[in-house]
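These are my notes from going through one chain. I put down what I looked up and what came back.

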Amino acid sequence: MITRAQYSTAVAASEQTAAAGAQLLLLAGLAAAVGLGPAGWLTGAAFAVVLPALLTSAQRRARVTALGPADLVTLARAVLVGGVTALVADRLGGAQPVAVFTALASVALLLDAVDGQVARRTNTVSALGARFDMEVDAFLILVLSVQAAFTHGAWVLVIGAMRYGFVAAAWVLPWLRAALPPSRARKTVAALQGILLVVVCSGVLPTLAGTAVVAAALALLTWSFGRDVHWLWRAQSQSRRLNSTYNAPAITTIAAVDTMKPHHWS
């Protein structure tokens, strides 16, 4: 007899296996359509192995045995991102097959608007799903910034690295880990990063215009992160002041009681 836990584990394993298989099929399709060298194959294969491993680990920590409908959409996006990553690794600094590269990245970006809607309509919104979606977004932006950096300079990598720098800073400054309020501006800026980077990477813009677009994207992202850091700083400062206000009377009362004690109590 198969228990519910065993069934859920089997479902999760089948989802991860299907994702890895889809990734390898995509790589084979890219190899047949535009050519894929050893670097692309190795990178894509590594992505196919690492993605299920990280996702399985996250599911265990969150005590989630199977992915929801929206998570499966995000998983499909991740497979496309793996294809984009393989192309970038295969042609480091070289010209990309514009139609294929742009199509993969664009569909991955478009599906970002789909998984959230699916989660809300199916009432399957979860912390794991939100984190999975965010990590896929961040990695795609990183890969696109690497591709754009070959044409417009290493400074473009700041766009892809900024989110990971924020996470690293949060290990040193715990107040950066606090929850942020929902923000339409934050979502808009995040979405624009992918769109603008895909346009730049497609090569449809002259170099100077592409550089200006990337600079504008970086300026918007810097503003967005700066705005959030400022909000978090104010929130932790207000929390400290409130704690000081509430604790001060108690400390004063304790001190007053101590002064009233007979000497033989001490």
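Does asparagine 123 count as buried or exposed? I looked it up: asparagine 123 counts as exposed, at 70% relative accessibility. Here buried means under 20% relative accessible area, exposed over 50%, and partly exposed in between, with a 1.4 Å probe and protein chains only.

Ground rules. I am working on a predicted model, where local features need pLDDT of at least 70, side-chain atom pairs count only at pLDDT 80 or more, and totals for chains, interfaces and linings use all residues. Residues are numbered from 1 along each chain as its sequence is written, and side-chain values use heavy atoms, with hydrogens and water left out.

**Overall make-up**

I listed the elements and found nine helices and zero strands. Helices (H or I, at least four residues) and strands (E, at least two) are DSSP runs, numbered from the N terminus. The chain has 266 residues, and 35% of them count as buried. I then took the contacts with a separation of 6 or more: residues 24 or more positions apart account for 77% of them. Contact means heavy atoms within 4.5 Å.

**Positive phi**

I returned to asparagine 123 for its backbone. Its phi is near 55°, a positive value in a residue other than glycine. Asparagine 123 sits in the loop between α5 (112–121) and α6 (127–152).

Arginine 63 also came up, with a positive phi of about 60° although it is not a glycine. I placed arginine 63 in the loop between α2 (38–62) and α3 (69–90). Arginine 63 counts as exposed, at 78% relative accessibility.

**Record annotation**

I checked UniProt, where an unreviewed entry places the feature "transmembrane region" at residues 95–115, 136–155, 161–180 and 192–225. UniProt positions are given in the numbering used here, feature names are shortened, and annotations may be inferred rather than shown by experiment. I computed two of these spans. Residues 136–155 are 85% helix and 0% strand, and the end C-alpha atoms lie 22 Å apart. Residues 161–180 are 60% helix and 0% strand, with end C-alpha atoms 20 Å apart.

**Aromatic pairs**

How many aromatic pairs does a search of the whole structure find? I got three. Rings of Phe, Tyr and Trp (its six-membered ring) pair if their centres lie within 6.5 Å; planes under 30 degrees apart count as stacked, over 60 as edge-to-face and the rest as tilted.

One of the pairs is phenylalanine 166 with phenylalanine 225, which is tilted, at 5.7 Å centre to centre and 55° between the planes. Phenylalanine 166 lies in helix α7 (residues 157–172) and phenylalanine 225 in helix α9 (residues 207–260), so the pair ties together parts that are 59 residues apart in sequence. Phenylalanine 225 is buried, with a relative accessible area of 18%.

I also noted tryptophan 175 with tryptophan 233, an edge-to-face pair at 5.4 Å centre to centre and 65° between the planes. This pair links distant parts of the chain, 58 residues apart: tryptophan 175 is in the loop between α7 and α8 (184–202), and tryptophan 233 is in helix α9. Tryptophan 233 is partly exposed, at a relative accessible area of 43%.

**Helix packing**

I fitted α4 (residues 98–110) against α8: the axes come within 10 Å and cross at roughly 175°. That makes α4 roughly antiparallel to α8. Axes are lines fitted to C-alpha atoms, for helices over the stretch in contact, and angles run from 0 to 180 degrees between N-to-C directions. Angles under 35 degrees count as roughly parallel, over 145 as roughly antiparallel, 65 to 115 as roughly perpendicular and the rest as oblique. On the α4 side I listed contact residues including Val98, Phe101 and Leu109, which meet a set in α8 that includes Gly194, Ile195 and Cys201.

**Single residues**

Which residues does aspartate 115 touch, not counting those up to four places away in sequence? I found Ala70, Val73, Thr74, Arg77 and Asp133. Aspartate 115 is in helix α5 and counts as buried, at 4% relative accessibility.

Alanine 62 is in helix α2 and partly exposed, with a relative accessible area of 40%. I took its C-alpha separation from alanine 127, 65 residues away along the chain, and got 8.3 Å.
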